[in-house]
Amino acid sequence: MTDVITEVETATMLTLKGVHGTSRSAAQEIAQHQIFQKTGKGRVGTGVYFWRENIYAKELASCWYEYRVRKGYFKPNEGAVIYADIAVNKNDFLDLEKPLYKDALGIFAMQQPSLEHLDDDAGDMGALYNVFIERLEKNFNLKCRVFQIRIPSPPKCQTYPTSLLGNPLAYVVRDETCIHLDKIEEIRK
Amino acid sequence: MNQKTMEEAVQATLAEMRALGPEELHAEIVKHRNSDLAELFRIAREFDDNFMRFPPRGGPTSGQVKPASDGSVLPGGVTAEMVEN
């Protein structure tokens, strides 16, 4: 096991280390052109998703690749994991996991009884975060280039101890210029 | 935007969302079900392929839950068979 410094902070900048699971061909494209395929078009949450680098990050990225294989997006046995540095000005970074924000979200949840009827199967928790980010950016005329959020680990990712650690941390990078490729590793079973 | 201003913006946005009526908030959530974040939360609920799907809240009446061979059903509709798996 190697120690990884997953966050470097200066007076104005944050450099975060993230891990992204994809196909080998997509990884080669990214290495060649430095362009990531964002997950969707015109959506608030749209961006490149990275797991925060730690002992479980590669497994989480691999599970995501395997999930996409099962869904027919990628061919089997051709997975790759991309390691990258994500450099962002602190003022363009939104940490949705900050305890202060979580507390405020808790108060909101307690005072909005309709949240009891959220449909987990429809992804309403994620949709609620999306509503929040859209309103935040619109009202205050700001654009978060990177945000941090805990998202559930992909299906069949049994190694990650959610009950011990909570959902894993992810970075959503919405400005690709923040991404600096470090290395690519093939996923081997 | 500095961190202090960001904190105020977060609080103000949540206050604004708090002021929404339940129907209005629900309608907005439904509109965002096609977002990436919603998809990621939804995917986590997919116990696809050979994975057994846990029953919805309310127990085994949905027909998705079969009692274990000894007929036992645990609280919440979780069967002994599910626990073993």
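A salt bridge here is a side-chain nitrogen of Lys or Arg within 4 Å of a carboxyl oxygen of Asp or Glu. This is a predicted model, in which local features need pLDDT of at least 70 and side-chain atom pairs count only at pLDDT 80 or more, while totals for chains, interfaces and linings use all residues. Residues are numbered from 1 along each chain as its sequence is written, chains are lettered from A in the order in which they are written, and side-chain values use heavy atoms, without hydrogens and water.

Q: What makes Asp120(A) and Arg45(B) a salt bridge?
A: Their closest N and O atoms are 3.9 Å apart, and the limit is 4 Å, so the pair qualifies. Between chain A and chain B the count is six salt bridges.

Q: Why is the pair of Tyr65(A) and Phe74(A) called stacked?
A: Rings of Phe, Tyr and Trp (its six-membered ring) pair if their centres lie within 6.5 Å; planes under 30 degrees apart count as stacked, over 60 as edge-to-face and the rest as tilted. The centres of Tyr65(A) and Phe74(A) are 5.7 Å apart and the planes are at 20°, so this pair is stacked.

Q: How do you know that Tyr65(A) is buried or exposed?
A: Buried means under 20% relative accessible area, exposed over 50%, partly exposed in between (1.4 Å probe, protein chains only). Tyr65(A) has 1% relative accessibility and therefore counts as buried.

Q: What places Arg68(A) over the face of Tyr73(A)?
A: The rule asks for NZ of Lys or CZ of Arg within 6 Å of the ring centre and within 35 degrees of the ring normal. Arg68(A) lies over the face of Tyr73(A) at 3.9 Å from the ring centre. Lys183(A) lies over the face of Tyr83(A), at 4.7 Å from the ring centre.
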